[in-house]
Structure formats: structure tokens, C-alpha cells
Amino acid sequence: MEKAYFHGNNKTDADIAYAMDVGVGYFVCDNEEELLAIEREAEKRGKTQKILIRLTPGIDPHTHKAISTGSVDSKFGVAIETGQAMAFVRTVLAQKHIDLFGFHCHIGSQIFETEPFTDAAAIMLRFIADARDTLGYIAKELNLGGGMGVRYLESHPAIDYAENIAKIAAKMKELCATLSLDMPAIRMEPGRSIVADAGLTLYTVGTLKTIPGFRNYVSIDGGMPDNPRYALYQSPYSILLANRMHDAKDTVCTVAGRCCESGDLIQEGVPLPKPARNDTLAVLTTGAYNYAMASNYNRLPRPAMLMLRDGQAKQILRRESFEDLLRNEL
């Protein structure tokens with residue numbers, strides 16, 4: 001746990017106490033109220049807690065508004081542009097039980113270019129240099145967060161992640177030399193780019209409903225409870241009929257979930273072989289932000305999860321039952 005980073009824009013007092021009790025290494029501190037709560041809990045335990053301050057560098061990476069997190073007007077972090085960030089650093093340095101280890105930013109998700117990352121890195125490094133010159137504080141670490149894109153569709157560009165990281169690093173080295181700044185330890189959070197295409201979701205087809213002149217709805221035995229991403233921000237997916245991979249894709253469908261909710265869709269305009277009851281529909285690239293975002297919306301149990309290795313399947317999560325849903329009811 002000493003390697004773990006605890007994120008969140010509203011960590012409760014109970015969250016903070018629990019994290020300290022289990023030895024979380026770093027809190028990514030979002031605001032002054034949280035800072036003071038961390039200070040109080042650290043003082044109670046007679047310890048010094050390492051933190052990073054989450055900053056908003058004011059970058060627009062041109063992603064969907066719901067997954068853009070680095071602009072000045074954001075619920076996350078403290079803005080550099082307004083001057084609040086430097087004032088916050090001063091407040092942090094005045095605490096007796098806090099070790100300010102460095103800074104964190106996260107500008108958004110599904111970014112396929114390197115420029116937004118290098119722009120954010122430049123803003124963050126200049127801020128680090130300003131903090132050195134203004135307050136005498138030298139940051140040990142800079143965490144640039146995650147956000148590198150993943151190919152959900154064949155039309156999405158393929159990313160050479162190693163090449164991208166090398167380009168970002170080269171720009172950062174140049175700027176550190178210009179600023180006469182010793183480069184802090186650099187961290188990134190690759191997350192989705194590692195696990196997204198390691199997973200897929202299988203559904204059983206229930207019905208095909210054709211509305212002449214409008215569309216074809218193919219309904220499945222899941223939907224927004226197990227994958228809310230399309231309902232939230234119209235995330236694209238590649239979808240196949242797994243049991244009829246080589247049949248002609250002669251029907252354009254809207255893949256609909258089973259909830260009592262018109263917005264319960266997984267994808268629209270999907271070319272498929274004409275689906276039939278009990279076909280298996282596969283939604284690809286669901287290894288990230290899928291089960292972690294799942295819920296019991298409409299009181300539906302969550303599905304099981306299997307891990308495949310060398311042609312062998314191993315169950316790693318049990319399918320929820322109605323008894324599971326009722327367990328906490330009194």
C-alpha cells in the first residue's frame with residue numbers, strides 16, 4: 001500500500017482515516033478542506049503523510065466534456081491560472097504533519113496525440129520552477145496522470161505508447177534544461193491503455209424489433225447497469241455476433257439494454273448478421289471502465305467475470321444473485 005495513490009475530489013473523513021490505517025503511501029490532495037483533514041488524521045497518529053497536490057493546468061485536450069478534467073473550470077484540483085495553486089502550496093508547506101512530495105494533473109481521457117501531454121507537462125514544470133523561485137520548495141515528483149487513447153474502433157489511430165512517452169520525455173528534458181530545473185521523478189497512470197483491449201463482454205440476444213422506416217433494435221440481457229459508458233458519453237464500441245462471425249452483416253442495429261430506460265443503449269448503427277434469439281453478442285475492448293462502473297440499476301444483478309489464459313477459463317467474479325441484492329435489506 002505504500003506505493004498506492006489515493007485520488008478523489010471529496011475524500012470523506014472516514015476515507016482518509018481508513019487509508020492512513022492501511023498505510024496508503026500518497027494522498028493526491030484536491031483542496032484545502034481535504035488538506036486540513038489529512039493533517040488532523042496524521043497528527044492523531046503521530047505520523048507525517050506524503051501528498052501530491054492535484055493541479056488543473058488549463059488544458060483542453062478536445063475530448064468529450066465529461067472526460068475532460070484538466071481545464072480551469074473543473075471539479076478536480078486547484079487552478080494554476082487563477083493563482084490559487086501557489087497559495088495552496090504555501091498553505092501545505094505550513095502544515096506540520098504533511099510531506100509535500102510533488103504535483104499531479106490529469107487532463108482527460110481518450111487522447112491520441114502527444115501535444116496535450118507535452119503542453120500540460122510544460123505548464124506543470126514552469127509551475128514547479130515558480131514554486132522553487134517563490135517559496136524555495138523543490139518538488140520531488142510530477143505525476144502527469146493518464147488519458148492515452150485506446151482503439152475502440154478500427155478507425156481509431158494505433159498508438160505506439162513507448163514512442164509517445166519518449167516524445168513527452170524529450171520535451172520535458174528540454175524544458176527542464178531551459179528552466180535550470182532538476183527533473184523530478186515523472187509518473188504516468190497508463191490504466192486504460194494496458195487493460196482495455198484485454199477484456200470483452202458477452203451478452204445473450206433476446207429480441208430483434210424492427211420499426212419500418214426507423215431502426216432495428218436488438219435487445220440483450222445486460223445494458224447500462226454493466227456498461228453505462230454509451231449512456232453517459234456516447235462511447236464507441238466494436239460489436240460482433242460471436243457465434244456467427246463469418247455471416248454477412250446485412251442488418252444495421254441499435255443494441256439496447258433491458259432496463260426501463262430509453263437511454264439504455266450500448267451502441268447505435270451497428271452492422272450485424274440479422275440477430276436471432278440466443279445469439280451471443282460480443283462488445284469488444286471492455287477491460288477498462290466497465291465492471292468498475294457497473295451498478296445494480298433497475299435492481300439487476302451484475303454479471304460474472306472470467307479470466308482466459310492458454311485456452312483455459314477461470315472464474316474470478318461470481319455472478320450476482322437476487323439474494324445478493326437483498327442481503328442488506330432489513
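1. A pocket, in the sense used in this note, is an open set of grid points where a 1.4 Å probe fits, with protein on both sides within 12 Å along at least five of seven lines. In this model, which is predicted, the largest pocket holds about 1,100 Å³ of space. Of the 35 residues that line the largest pocket, those closest to its centre are Leu200, Thr201, Leu202, Ala304 and Met305, and the elements that give two or more residues to its lining are β8 (200–211) and β14. By residue class, the lining of this pocket is made up of 18 nonpolar, 10 polar and seven charged residues.

2. Turning to the chain as a whole, its secondary structure comes to eight helices and 15 strands, and its C-alpha atoms fill a box of roughly 70 × 55 × 40 Å when this is taken along the principal axes. The chain has 330 residues, of which 44% count as buried, and it exposes about 17,900 Å², with carbon and sulfur atoms supplying 52% of that area. Among contacts in the chain with a separation of 6 or more, 67% are between residues 24 or more positions apart.

3. In soluble globular proteins, nonpolar side chains tend to be buried together. The largest nonpolar core of this model has 45 residues, and Ile51, Ile53 and Phe103 are those with the most contacts inside it. At least two residues of this core come from each of several elements, including α1 (13–21), β3 (49–56), β5 (98–104) and α5 (161–178), while α4 gives the most to the core, with nine residues.

4. Which residues does phenylalanine 103 touch, not counting those up to four places away in sequence? They are Leu52, Ile53, Leu55, Val89, Met124, Phe127, Ile128, Tyr137, Ala139, Glu141, Leu142 and Asn143.

5. Threonine 285 deserves a separate look, and it lies in the loop between β13 (280–284) and β14 (305–309). Is this threonine 285 buried or exposed? Buried means under 20% relative accessible area, and threonine 285 has 9% relative accessibility, so it counts as buried. Leaving aside its neighbours within four places in sequence, threonine 285 is in contact with Val150, Arg151, Tyr152, Ala196, Asp197, Gly199, Leu200 and Tyr237. One of these, Leu200, is also among the residues closest to the centre of the largest pocket.

Methods
Residues are numbered from 1 along each chain as its sequence is written. This is a predicted model: local features need pLDDT of at least 70, side-chain atom pairs count only at pLDDT 80 or more; totals for chains, interfaces and linings use all residues. Side-chain values use heavy atoms; hydrogens and water are left out. Helices (H or I, at least four residues) and strands (E, at least two) are DSSP runs, numbered from the N terminus. Buried means under 20% relative accessible area, exposed over 50%, partly exposed in between (1.4 Å probe, protein chains only). Contact means heavy atoms within 4.5 Å. On a 1 Å grid over the protein atoms alone, a cavity is a set of points where a 1.4 Å probe fits but cannot get out, and a pocket is an open set with protein on both sides within 12 Å along at least five of seven lines; lining residues have an atom within 4 Å of a point. Grid points are joined across faces, edges and corners, and a volume is the space filled by probe spheres set on the points. Ala, Val, Leu, Ile, Met, Phe, Trp, Tyr, Cys and Pro count as nonpolar, Asp, Glu, Lys and Arg as charged, and the others, Gly among them, as polar. A nonpolar core is a set of buried Ala, Val, Leu, Ile, Met, Phe, Trp, Tyr and Cys residues joined through side-chain atoms within 4.5 Å. Accessible areas come from the Shrake-Rupley method with a 1.4 Å probe; for residues, only the protein chains shown count as cover.
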